[in-house]
Amino acid sequence: MRIAIAGAGNVGRSIAQELIGNGHEVMLIERQPRQLCPERVPEAQWILADACELSSLEEADVASCDVVVAATGDDKANLVVSLLAKTEFAVGRVVARVNRAENEWLFTEQWGVDVSVSKPRLMAALVEEAVTVGDLVRLMTFRQGEANLVEITLPKNAPYEGQPLRAVPMPRDAALVAILRGKRVVVPTPDDPLEAGDELIFVCTAEVEEQIRAVVLGPA
């Protein structure tokens with residue numbers, strides 16, 4: 001894919017390196033000359049411009065990009081970049097960084113954002129995931145709240161401990177996508193038994209989260 005990243009600070013450069021390592025073509029757009037460090041990510045295309053300016057995005061040919069990532073440290077700038085990318089250049093996928101938790105509610109489809117990544121929320125979720133057993137933890141939200149990535153660490157004596165997955169009555173709009181068991185990642189099959197300590201990773205709608213919790217952990 002061809003990907004444009006607005007903001008070439010530590011976050012933007014790290015994203016660029018990861019994407020280039022996965023075989024994608026990356027363009028970094030940065031308005032601060034002191035942040036323009038092509039030697040840090042030599043495989044990327046570097047552009048000195050303000051990504052909040054329509055003319056800058058036109059010159060960078062953002063319309064040819066498959067994805068735009070608004071990764072600056074300024075939430076206002078990230079919203080403007082997202083809106084321009086979606087409404088003026090019809091970019092198929094816009095991902096935006098949320099720096100301040102109180103601004104998270106703004107990062108919606110109305111502002112052109114397909115996926116928002118909130119650093120405070122993500123860090124809080126990772127902390128909960130590390131210490132919580134026997135409860136559901138929301139790790140990430142997709143498609144503006146239409147679906148979530150959630151985790152449950154199975155406690156001892158859970159209702160379906162020791163039973164194969166086919167015995168677990170999964171609700172609609174929910175899928176068990178992975179089981180983390182020790183150092184292994186298990187791709188679930190109907191014959192796999194559940195074990196105490198398993199970290200169960202689901203993708204589901206928000207409406208069925210309570211149903212998943214009730215099935216996996218039993219009635220509250």
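The exercises below, each with a worked solution, concern a predicted model.

**Exercise 1. Find which residues of helix H5 are buried, and work out why they line one face of the helix.**

Solution. Begin with the extent of helix H5, which covers residues 209-217, and pick out its buried residues, namely Glu-209, Ile-212, Val-215 and Val-216. Next, look down the axis of H5: the buried residues fall within an arc of 125 degrees, so they line one face of the helix. Then ask what the buried residues of H5 pack against, and the structure gives strand S7 (136-142), strand S8 (147-153), strand S9 (174-181) and strand S11 (199-204). Finally, follow the chain just past H5, where Gly-218 takes a positive phi of about 90 degrees.

**Exercise 2. Describe the salt bridge between Glu-210 and Arg-213, and state how far apart the two residues lie in helix H5.**

Solution. The side chains of these two residues, Glu-210 and Arg-213, meet in a salt bridge with an N to O distance of 2.4 Å. Because Glu-210 and Arg-213 are three residues apart in helix H5, about one helical turn separates them. As for accessibility, Glu-210 has a relative accessible area of 54%, and the cut-off for exposed is over 50%, so Glu-210 is exposed.

**Exercise 3. Locate both partners of the salt bridge that Lys-86 forms, and decide whether each is buried, partly exposed or exposed.**

Solution. The partner of Lys-86 is Asp-114, and the closest N and O atoms are 2.7 Å apart. This pair links distant parts of the chain, for Lys-86 belongs to helix H3 (residues 75-87) while Asp-114 sits in the loop between strand S5 (93-98) and strand S6 (115-118), 28 residues apart. For the second step, recall that buried means under 20% relative accessible area. Lys-86, at 24%, therefore counts as partly exposed, whereas Asp-114, at 17%, is buried.

Notes. Residues numbered from 1 in each chain as written. Predicted model: local features only at pLDDT ≥ 70, side-chain atom pairs only at ≥ 80, totals over all residues. Heavy atoms only, no water. Buried < 20%, exposed > 50% of the residue type's maximum accessible area, 1.4 Å probe, protein only. Helix = DSSP H or I, 4+ residues; strand = E, 2+ residues; numbered from the N terminus. Arc of directions from axis to C-beta. Contact = heavy atoms within 4.5 Å. Salt bridge = Lys/Arg side-chain N within 4 Å of Asp/Glu carboxyl O.
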